[in-house]
Amino acid sequence: MLLAIDVGNTNTVFALFEGELQVGLWRAETDGQRTADEYAVFLKMLMADAGLDCGTISAAIIGSVVPNVNYNLIRLCRYHFLCEPYLVGTNEVETGMKIAIDRPEELGADRLINAVAGYALYKGALLIIDFGTATTFDVIDQAGTYRGGAIAPGINLSLQALHMAAAKLPSVAVAKPSSVIATGTVTAIQSGIFFGYVGLIEGMVARIKQEFGAPMRVVATGGLAKLFVDSIASIDEVNMDLTLRGLAMIYEKNKKRKAAA
């Protein structure tokens, strides 16, 4: 089985794949202080609870935007699962995607992985919106070339900043209020955040499509995508597993390349 590890700024997701079938999925808070042994205890207990044998893991791939966790995740794979992991973004890992931006080395692993998966699944020109710690917009053209995109603060980051900077404003959860015009402080914050982000997404999609100048499919992913999709008509599809699917695809590509070498 393949262990795919998606390291985000907020959460780290561990998924098990048997071929193309995802057979396990677990999340942990991203923590640069967590050791390989701690990861192993966490994973082995959850796998056992799901009736899965950790001894069946024979390969691993890591996509990370948090460099200081990589060392212990690599050790986890080497010493607890006895396999050398692929790390997306290193020279040893090929994605098969051409990157047409000023500094390709600066492209985050998560954005590249999403682009690979998105083009493989949907073909054609594509705009991927990832509702994560940051809200990212990534453009892939008809030929499968990554063309660039945009980054905005994530929804939860905006809520945290508002709470920290304004002494009288409480910390609230992201939720869709019943109306834009609120009659209380909590619902006023929720309205501003929720409908403000709806406006941000709609405006960005419209401007990107206008600048791109050709039809493109809009796919949303990330933890909060489902909360917004019904309120944003320009989103064509939600795919919550896009990053994990991309990791599995990149692993298969490199496995075949290595076998052919």
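This is a predicted model: local features need pLDDT of at least 70, side-chain atom pairs count only at pLDDT 80 or more; totals for chains, interfaces and linings use all residues.
Residues are numbered from 1 along each chain as its sequence is written, and side-chain values use heavy atoms, leaving out hydrogens and water.

- Five strands form an open sheet in the order 3-2-1-4-5, with mixed pairing.
- Strand 3 and strand 5 are the edge strands, and each pairs on one side only.
- Strand 4 and strand 5 run parallel and are joined by two bridges. Two strands pair if DSSP finds at least two bridges between them.
- I61 stands opposite Y86 in strand 5.
- Helices (H or I, at least four residues) and strands (E, at least two) are DSSP runs, numbered from the N terminus.

**Helix 2**

- Helix 2 packs on the sheet and touches strand 1, strand 2, strand 4 and strand 5. Contact means heavy atoms within 4.5 Å.
- The direction of helix 2 makes about 170° with that of strand 4.
- Helix 2 spans residues 70–80, and its buried residues include L73, I74, L76 and C77. Buried means under 20% relative accessible area (1.4 Å probe, protein chains only).
- The cover over these buried residues includes helix 1 (36–49) and strand 4 (59–64).

**The pockets**

- A pocket is an open set of points on a 1 Å grid over the protein atoms alone, where a 1.4 Å probe fits, with protein on both sides within 12 Å along at least five of seven lines; lining residues have an atom within 4 Å of a point.
- The largest pocket holds about 860 Å³ of space. A volume is the space filled by probe spheres set on the points.
- Its lining has 33 residues, and D130, F131, G132, T133 and G223 lie nearest the centre.
- Helix 4 gives the most to this lining, with three residues.
- The lining of the largest pocket has 12 nonpolar, 14 polar and seven charged residues. Ala, Val, Leu, Ile, Met, Phe, Trp, Tyr, Cys and Pro count as nonpolar, Asp, Glu, Lys and Arg as charged, and the others, Gly among them, as polar.
- The second largest pocket has a volume of about 390 Å³.

Note on methods:
Buried means under 20% relative accessible area, exposed over 50%, partly exposed in between (1.4 Å probe, protein chains only). Axes are lines fitted to C-alpha atoms, for helices over the stretch in contact, and angles run from 0 to 180 degrees between N-to-C directions.
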